Structure formats: C-alpha cells, structure tokens
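Colleague: I have a new structure on my screen. Please show me how to read it, one feature at a time.

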Amino acid sequence: MFSLRTCSVEGCHHYICADENTCYHHSNDKETILAQAQGQLGGKEDLFDLSVSEAHFCGLTLAPKRMAGNNLAWCTFTDVDFSSISMANCFFDFCLFERCRFNAVDVRHTVFAGSRFLSCDLSNSRFIHSNFSGIAAFTSNFSECDFYYSTFNTALLTDSPFEDCNLKKTDFRHSLRKNISFRYSNLEEAHR
Ligand SMILES: [Zn+2]
C-alpha cells in the first residue's frame, strides 16, 4: 500500500510520493517523478504502492501486468490505454480520463469516484466491487462488462451505453442518465 503520510507543505493534504517529503505538485523534481511513474506504468513489471497525484499522463500504453495499492488520484489521463491490466485496491478518485481504453481489464475494489470519463472505452471488462460514485461520463462505452457490486450512485451518465452487462447488485441510485441503453443487461437486478 502507498504511504498515507501527507505533504510537508502546510495546508496541502495530498499524499507524498515515495521517498519524497512532498506530494507530486509540491516536488522540486516533478520531471523525474513523472518519468519514473510513466516508466513503471508502461513497463512489464507488476506495480505496487505507486503514489502520484495531480500528474498528467498522455499518450501512454500500459503493458499487461498486475497493479495493486496504487494512488493516482486527481490525475489527468489523455489517450492512455489500460487494456489487459489486472488491478486491485487502486485509487483514481477525481481523475479526468480523456479517450482512454480499459478493454479486457480485471479491476477489483478500485475507486474512480468523482472522476470524469470523456470518450472512453471500458467495454469487455470486469469491474467488481468498484466505486464509480459521482462520476460524469460522456460518449463512453461501458458495454459487455461485469459491474457486480459496483456503484454508480449520484453519477451523471450521458450518451454512454451499458449493453449486455452484468448489473447484479450494481448501484445506480440517485444517478442522472441521459440516452443510456441497458439493452441485454439485467438492470432488474441492479439497485436504482
Ligand atoms: Zn503538496
């Protein structure tokens, strides 16, 4: 698990990057931290305990691997491909995902709460017991996924299909849905 120590800058509540006294935003060497993180994400080694928040990752393809206990909250991901990743207990809260792919991923106990998904493709994946509370999704594809026990409560979902999904115990309570197709999905087994 990443360190839960917070940044040494007064008033900053972000977690420190490994071996630093500050968060990424307040580091004197952001370039090195970002380059290392990009190398770890793109590399083939399994990835544990990485903590970088508020960074911008652009045009990156992750190699298939296992990821656990990583904190990437408040980051922006543009044209990043997470496909074939196996992930557990990771934190992506309040991120912005633009044109990202999560195809054939196996994601468990992972937090995307408060994030924005713009033109992303999450299809043909497994997101078990994961947290999408309060997300905003526009023109994104959530079809052919297993969302068992995941929550989308208070989410704003627009022009984003959830077709042929397993929605058993998936929570859509208090979500706002505009032009969302649930064709071939078991919506009757979801909480809504
Ligand atoms: Zn800080």
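Modeller: Start with Tyr 148, which is partly exposed, with 18 other C-beta atoms within 10 Å. This is a predicted model: local features need pLDDT of at least 70, side-chain atom pairs count only at pLDDT 80 or more, and totals for chains, interfaces and linings use all residues. Residues are numbered from 1 along each chain as its sequence is written.

Colleague: What separates buried, partly exposed and exposed residues?

Modeller: Count the other C-beta atoms within 10 Å of the residue's own, with C-beta placed from the backbone. Buried takes 20 or more, exposed takes 12 or fewer, and partly exposed is in between. Arg 177 has 17 such neighbours, so Arg 177 counts as partly exposed. Arg 183 has 11 and therefore counts as exposed. Arg 177 lies in strand S12, while Arg 183 is in the segment after S12.

Colleague: Which residues does Tyr 148 touch?

Modeller: Contact means that two C-beta atoms, placed from the backbone, lie within 7 Å. Leaving out residues up to four places away in sequence, Tyr 148 touches Ile 128, Asn 166, Lys 168 and Lys 169.

Colleague: Now the strands. In what order do the 7 strands of the open sheet run?

Modeller: Two strands pair if DSSP finds at least two bridges between them. The order is S2-S4-S6-S8-S10-S11-S12, and the pairing is parallel. S2 (56-58) and S12 (176-178) are the edges; each has a single partner strand, so one side of each has no neighbour in the sheet. On average, neighbouring strands here are turned by 5° against each other, direction ignored. That angle is taken between axes fitted to C-alpha atoms (for helices, over the stretch in contact), on a scale from 0 to 180 degrees between N-to-C directions.

Colleague: Which residue of S11 stands opposite Ala 136?

Modeller: Leu 156. S10 (residues 136-138) and S11 (residues 156-158) are joined over 3 bridges in the parallel sense.

Colleague: And what is the order in the open sheet of 5 strands?

Modeller: S1-S3-S5-S7-S9, with parallel pairing. Its edge strands are S1 and S9 (126-128), each pairing on one side only. S1 and S3 (residues 66-68) pair over 2 bridges. In S3, Ala 68 is the bridge partner of Phe 48.

Colleague: How do I read a helix?

Modeller: Check its span, then its faces. The expected span is 1.5 Å times one less than the number of residues. H1 (residues 30-42) has 13 residues and reaches 18 Å from first to last C-alpha, close to the 18 Å expected.

Colleague: Which residues of H1 are buried?

Modeller: Ile 33, Ala 37 and Leu 41. They sit on the same side of H1 because they cover an arc of only 65° around the axis; that arc is the one of the directions from the helix axis to the C-beta atoms. Strand S1 (47-48) is among the elements covering these buried residues. The face turned away carries the exposed Glu 31, Thr 32, Ala 35 and Gly 39.

Colleague: Which members of the largest nonpolar core touch the most others?

Modeller: In soluble globular proteins, nonpolar side chains tend to be buried together. A core here is a set of buried Ala, Val, Leu, Ile, Met, Phe, Trp, Tyr and Cys residues joined through C-beta atoms within 7 Å. The largest has 54 residues, and Cys 75 and Cys 95 touch the most other members. H1 gives the largest share of this core, 3 residues. Beyond four places in sequence, the contacts of Cys 75 include Phe 57 and Cys 95.

Colleague: Last, backbone angles. What is phi at Asn 89?

Modeller: Most residues other than glycine have a negative phi. Asn 89 has a positive one, near 55°. Asn 89 is in the loop between S5 (86-88) and S6 (96-98). Tyr 184 also has a positive phi, near 65°. Tyr 184 is in the segment after S12, and is exposed, with 12 other C-beta atoms within 10 Å.

Technical notes. Helix = DSSP H or I, 4+ residues; strand = E, 2+ residues; numbered from the N terminus.
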